[in-house]
Amino acid sequence: MPIVVRIDVELAKRKMSVGEFAERVGLTPANVAVLKNGRAKAVRFSTLEAMCRVLDCQPGDLLEWVEEEGGNR
């Protein structure tokens, strides 16, 4: 998947647990796991906004585009 979710990096920087993050964002820990593991098909802007607010970061700190091997688009 060319979009990589970097929630785990931002949580580690802040020494914040998944449970605390989930509660503060308004998600279940299971849904945070889906996001962290790259299994989510979409993210609502309201959820992205809440994640950025809780982590005091920008969307680009949480999401990164990585070119797939082979360079096919």
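**Walking through the model**

A: Buried means under 20% relative accessible area, exposed means over 50%, and partly exposed is in between, using a 1.4 Å probe and protein chains only. This is a predicted model, where local features need pLDDT of at least 70, side-chain atom pairs count only at pLDDT 80 or more, and totals for chains, interfaces and linings use all residues. Residues are numbered from 1 along each chain as its sequence is written, and side-chain values use heavy atoms, with hydrogens and water left out.

Q: Ok, which residue does glutamate 20 form a salt bridge with?
A: Arginine 24, with the closest N and O atoms 3.4 Å apart. A salt bridge here is a side-chain nitrogen of Lys or Arg within 4 Å of a carboxyl oxygen of Asp or Glu. Arginine 24 is partly exposed too, with a relative accessible area of 43%.

Q: And why are glutamate 20 and arginine 24 separated by about one helical turn?
A: Because they sit four residues apart in helix 2 (residues 18-25). Helices (H or I, at least four residues) and strands (E, at least two) are DSSP runs, numbered from the N terminus.

Q: How many salt bridges are there in the whole structure?
A: A search finds four. Glu10, Lys13 and Arg14 are linked in a network of them.

Q: Is glutamate 10 buried or exposed?
A: Buried, because its relative accessibility is 5%. Lysine 13 has 58%, so it counts as exposed, and arginine 14 has 32%, so it counts as partly exposed.

Q: Switching topic: how many helices and strands does the chain have?
A: Five helices and two strands. From the N terminus on, they run β-α-α-α-α-α-β. The radius of gyration is 13 Å, close to the 11 Å that the globule rule gives for 73 residues, so the chain is as compact as a globular protein of that length. That radius is taken over C-alpha atoms, and the rule is 2.2 Å times the number of residues to the power 0.38. The C-alpha trace spans about 40 × 20 × 20 Å along its principal axes.

Q: What share of the 73 residues is buried?
A: 27%. In helix 4 (residues 45-55), the buried ones are Thr47, Leu48, Ala50, Met51, Cys52, Val54 and Leu55.

Q: What covers the buried residues of helix 4?
A: The cover includes helix 1, helix 2, helix 3 (29-36), helix 5 (59-62) and strand 2. Just after helix 4, aspartate 56 takes a positive phi of about 50°.

Q: Where does tryptophan 65 lie?
A: In strand 2 (residues 63-65). Trp65 also makes a nonpolar surface patch of about 290 Å² with Ile3 and Leu63. Patches are made of residues with over 30% relative accessible area and no salt bridge, joining like charges within 9 Å and nonpolar side chains (Val, Leu, Ile, Met, Phe, Trp, Tyr) within 5 Å.

Definitions and conventions. Accessible areas come from the Shrake-Rupley method with a 1.4 Å probe; for residues, only the protein chains shown count as cover. Contact means heavy atoms within 4.5 Å.
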